[in-house]
Amino acid sequence: MAAAIRRGLRFEGLVVDVAADGESALLTVGATDYDAIVLDVMMPGLDGFETCRRLRADGVWVPVLMLTARDAVEDRVRGLDGGADDYLTKPFSLAELTARLRALVRRGPVERPTVIEVGDLRLDPATREVSRADVEVQLSAREFALLETFMRRPGDVFTQTQLLEAAWDLGYEQRSNVVEVYVRYLREKIDRPFGVSSIETVRGAGYRLRKDGGG
């Protein structure tokens with residue numbers, strides 16, 4: 001399969017290298033700059049999921065296309081949550097694979113961490129886990145949504161309207177102080193127990209998370 005894909009992509013004018021297993025893939029990617037990576041889930045040794053996870057953990061942000069015979073929803077979710085950018089199931093046409101790779105290459109290697117870290121604050125959108133200094137913090141769904149909004153753009157000021165749109169649906173009956181209340185809840189959970197101050201009030205504008213996470 002790998003040889004057939006390589007022949008097809010080379011016929012399209014692409015330069016292609018093949019790694020026989022996950023460990024080899026990690027070494028190859030570490031030594032060469034690539035425009036895109038195609039990962040088969042069912043590789044010997046490290047599977048595609050773990051290989052992708054390790055690439056992202058090492059700060060490799062080359063676009064990744066997961067390729068597999070599996071078509072279960074949970075497998076697609078696992079691949080995307082593990083850092084993959086796209087997912088293609090077998091059987092597939094070479095034309096579609098090539099088109100998807102062209103689309104990924106246009107995006108370029110943009111940093112898209114699967115786990116968000118700001119200072120010693122850590123948030124995992126897939127597992128819904130939050131911790132500060134390796135201590136787990138339990139948040140409600142609304143609190144989690146607000147914190148994720150702050151952590152994706154540390155240092156940026158968010159208005160109350162922006163925070164409402166991030167954590168409440170359009171049908172929510174707006175209360176003027178609900179954002180203020182939930183920001184206070186967050187401070188009580190992620191700041192006060194650790195003796196830090198990470199969420200700042202910007203008078204007349206809104207709120208922001210300090211770029212150092214308050215740590």
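In the hairpin of β6 and β7, which residue takes a positive phi near 55 degrees? The residue is Ala133, in a hairpin with 2 residues between the strands. The legends below describe a predicted model, in which local features need pLDDT of at least 70, side-chain atom pairs count only at pLDDT 80 or more, and totals for chains, interfaces and linings use all residues. Residues are numbered from 1 along each chain as its sequence is written, and side-chain values use heavy atoms, with hydrogens and water left out.

**View 1. Overview of the protein chain.** The secondary structure comprises 8 helices and 9 strands (DSSP runs numbered from the N terminus: helices are H or I of at least four residues, strands E of at least two). Along the principal axes, the C-alpha atoms fill a box of roughly 60 × 35 × 30 Å. Of the 215 residues, 39% count as buried (under 20% relative accessible area, 1.4 Å probe, protein chains only). Contacts are heavy atoms within 4.5 Å; of those between residues at least 6 apart in sequence, 52% join residues at least 24 apart.

**View 2. The open sheet β1-β2-β3.** Three strands form this open sheet in the order β1-β2-β3, with parallel pairing; two strands pair if DSSP finds at least two bridges between them. The edge strands, β1 (37-40) and β3 (86-89), each pair on one side only. Neighbouring strands are turned by 25 degrees against each other on average, direction ignored. Strand β1 is joined to β2 (residues 64-68) by 4 bridges, and Ile37 has Val64 as its bridge partner in β2.

**View 3. Helix α5 on the sheet.** Helix α5 (residues 94-107) packs on the sheet and touches β1, β2 and β3. The direction of α5 makes about 175 degrees with that of β3; axes are lines fitted to C-alpha atoms, for helices over the stretch in contact, and angles run from 0 to 180 degrees between N-to-C directions.

**View 4. The hairpin of β5 and β6.** Strands β5 (residues 121-124) and β6 (residues 129-132) run antiparallel and are joined by 4 bridges. The bridge partner of Arg122 in β6 is Ser131. The hairpin has 4 residues between the strands, and Arg128 takes a positive phi near 65 degrees.

View 5. Ser131, the bridge partner of Arg122, has Glu136 as its bridge partner in β7.

Conventions:
Buried < 20%, exposed > 50% of the residue type's maximum accessible area, 1.4 Å probe, protein only.
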